[in-house]
Amino acid sequence: MEPQTGTSTSQLGMQFFFLLPRNLLLAYQSFGVVYGDLSTSPLYVYRSVFAVALQNHQNPEVIFGAFSLIFWALTLIPLLKYTCIVLSADDCGEGGTFALYSLLCRHAKFSLLPNQQAADEELSSYKYGSSGHPPSSSSLHRFLERHKKSRTTLLVVVLLGASMVIGDGVITPAISVLSAVSAFQVKGVGVALTHGQLVLLACVVLVGLFALQHFGTHRVAFVFAPVIILWLVSIFSIGLYNIIRWNPKIVHAFSPHYIIKFFSETRKEGWISLGGVLLSITGTEAMFADLGHFTASSIRLAFGFFVYPCLVIQYMGQAAYLSKNITSIPDSFYKSIPEPIFWPVFALANLAAVVGSQAIITATFSIVKQCHALGFFPRVKIVHTSKHMFGQIYIPEINWILMILTLLITVGFQDTTQVGNAYGLACMTVMFITTFLMGLVITFVWQKNVIYGMSFLLFFGFIEGVYLSAAIRKAPQGGWVSLLLACVFMFIMFVWHYGTRRKYKHDMHNKVQLKWLLNLGPSLGIVRVPGIGLIYSELATGIPSIFSHFVMNLPAFHNVLVFVCVKYVPVPFVSLDERYLIGRVCPRPYRMYRCIMRYGYKDIPKDDENFENQLTQSIAEFIQMEAVEPQSPNSEASSFDGRMAVISSRSIESRPALIISDHVDPTENMKSSRLKILRGWYDEEKAAEEMNPRRRVRFEVAPRNGDVDGGVRDELLALVEAKEAGVAYITGFSYIKARKASSLLKKFVIDVVYSFLRKNCRRPAVALHIPHISLIEVGMMYYV
């Protein structure tokens, strides 16, 4: 079930070996980010399996059956499902539930995002692969496209998976660190801590873990990778030692026959114990969720040739030890360690537990960023932590919220068994959702026969469904925490999405009529002053109502007006050459344009000091392009608010409409020091730059071969003069209230919850990196 990309097998093989050194380096880094959680599961799996349900079935046969279940779980889900199949469903190198949803949105028209345009489908990253297959026309495809409720249900499923991943970011550090420090309670090790002291130690370690996050994934990966590699080598060696010393017959448990014997003896209790078995595969989703930080080949290399054998041998060694030491089940891992190396392994276990939490914390940052891009999460500060790997980010607000919630769970439960029940439920829910989405991707994106998609869904869905049912059974014993966290995060996503969609619909229904502007004339009935005014709006078409509010309340406006729309499209990245869509809003004398800036769900708008120059060049290029291209008789009317063109940096460099000349303005140092102080107040990060001579850019109309239309030249000159006069950024400072006739529930959602989220998130001007000294905010009240 491989995706068809038009590349031969021999070409793929040559490409793999050509990139092998890079993949080996990335595989090394992946140990410190992806596999920490999965590799620390041996600390608590057997304890969780036998904790409650199997207390009356602790014998060698049941232990052999438990290992057989763990072995086949590791083989079927991480090895077969993820490394062989799911990793092939990347979205331009990105993974996770949102990557699968993005593929479905583009190839099966399941998207519910506003502001989608036909021009978005022409993006180079929009199509999957290079096969160019026509879209599927099956009855299932047509049903899902026609019925909005089915698309809404699909989106809810995706958001549930995202909420569970964020919940994992809270639960994983708690169980990993608590399990690691539990060695201090093992009898005979020479050190004995009370339960309260143990919890306090775990809290100290957790605070240190979250404090390290601001260094970024790149630095953390290089520091943590040797820890995980040494940890895996250690548990492999210990497992091999225990097999040889205690019970070599454990190799027979590879046979599924022992699974049958396990359930024939334990029956219902065996089914309940699956909630502990599934902890052996928790952390598997990180292999797909963190794919954007590495490559599929590097993750396959690391897992298939190193992580998987080490884990299998370790679980086998623990089972061999327990088959001869039944009473050691509560502390099976630490008691199976040979005494001379106990403390070195204990130190490694604590370090590995810290690393084990890194994978899910990294995935949580990525998921929150993607939710924000799709309009389901409030605006937060996103920090790039690597100059070389664009996808490596850090979100301070989310980091500290996760830390507080993790400490509350650690102090509240103080028990790995109950935390493990919550952990298993969250992880298995995410895996089940991935299986469901993957079945749709196989059918609609890879365009395989529906039988393949159904076979994948039924096979892995049945296996994971059995584990999920056992995890749900343990909801009263701690599993409710993951459900509660998921509900809280889903409620936040729903409220934010509902509020922003209501605001968007209000803007769509109250757009300014083009006839009204045309009747006002080129002056718009007010004084047009030198300069460029950038009016930010969420509308990709039409004129926002904020503009009429401004025209009616201010006596003057800028000579050149540009309606700027920053929007996200269902692709991971949009190249700079395809980012800008430029169009005209009114006839030429009005000097009104539209600029649509498109970003992918993994893109992050940066503070680009060259934005104003790029925008000016793009508009000039559009003016020149519009004059050169032949137009139909009706094109003049249609271009007033509809005709858009992609302006790339390559076209600007090849045939620039404007020539840039750089010089240093000697009068900049003579400007008022008070102005510099004001700039420092507004933008502390650039205070140092204000002390140096400011780099100025001057535009000139480029000479062209042949005669240039006089109207075009005048328009270009007007654009240059406006740019020299300065640029102002105009945004709406909106207040959203529910109508008086609204229900109490709607008033609570809009007036209380949404208002609280909006007041406590980053303001749009900050998120868009608009310079405060050039910002004009217009207050608007929305009744929705």
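**The sheet and a pair of helices**

In this predicted model, seven strands form an open sheet whose order is β7-β5-β6-β4-β3-β10-β11, and the pairing within this sheet is mixed. The strands at the edges are β7 (644-646) and β11 (775-783), each of which pairs on one side only, and from one strand to the next the twist averages 25 degrees.

Strands of a sheet pair through backbone hydrogen bonds, and they do so either in parallel or in antiparallel fashion. Within this sheet, strand β4 (residues 556-568) pairs with strand β6 (residues 592-599) in the parallel sense, over eight bridges, and the bridge partner of V564 in β6 is C595. Helix α20 (residues 480-509) lies across β10 (727-737) and β11, and its direction is at about 95 degrees to β11.

The other part to follow is a pair of helices. Two packed helices are described by the distance between their axes and by the angle between those axes. For helix α6 (residues 97-108) and helix α8 (residues 148-181), the axes come within 9 Å and cross at roughly 160 degrees. Because angles over 145 degrees count as roughly antiparallel, α6 is roughly antiparallel to α8. The crossing in which α6 passes α8 is left-handed.

As for the residues that make this contact, T97, F98, Y101 and L104 in α6 meet L154, L155, V158, L159 and A162 in α8.

Notes. Residues are numbered from 1 along each chain as its sequence is written. This is a predicted model: local features need pLDDT of at least 70, side-chain atom pairs count only at pLDDT 80 or more; totals for chains, interfaces and linings use all residues. Side-chain values use heavy atoms; hydrogens and water are left out. Axes are lines fitted to C-alpha atoms, for helices over the stretch in contact, and angles run from 0 to 180 degrees between N-to-C directions. Helices (H or I, at least four residues) and strands (E, at least two) are DSSP runs, numbered from the N terminus. Angles under 35 degrees count as roughly parallel, over 145 as roughly antiparallel, 65 to 115 as roughly perpendicular and the rest as oblique. A crossing is left-handed if the near helix is turned anticlockwise from the far one by less than a right angle, and right-handed if clockwise. Contact means heavy atoms within 4.5 Å. Two strands pair if DSSP finds at least two bridges between them.
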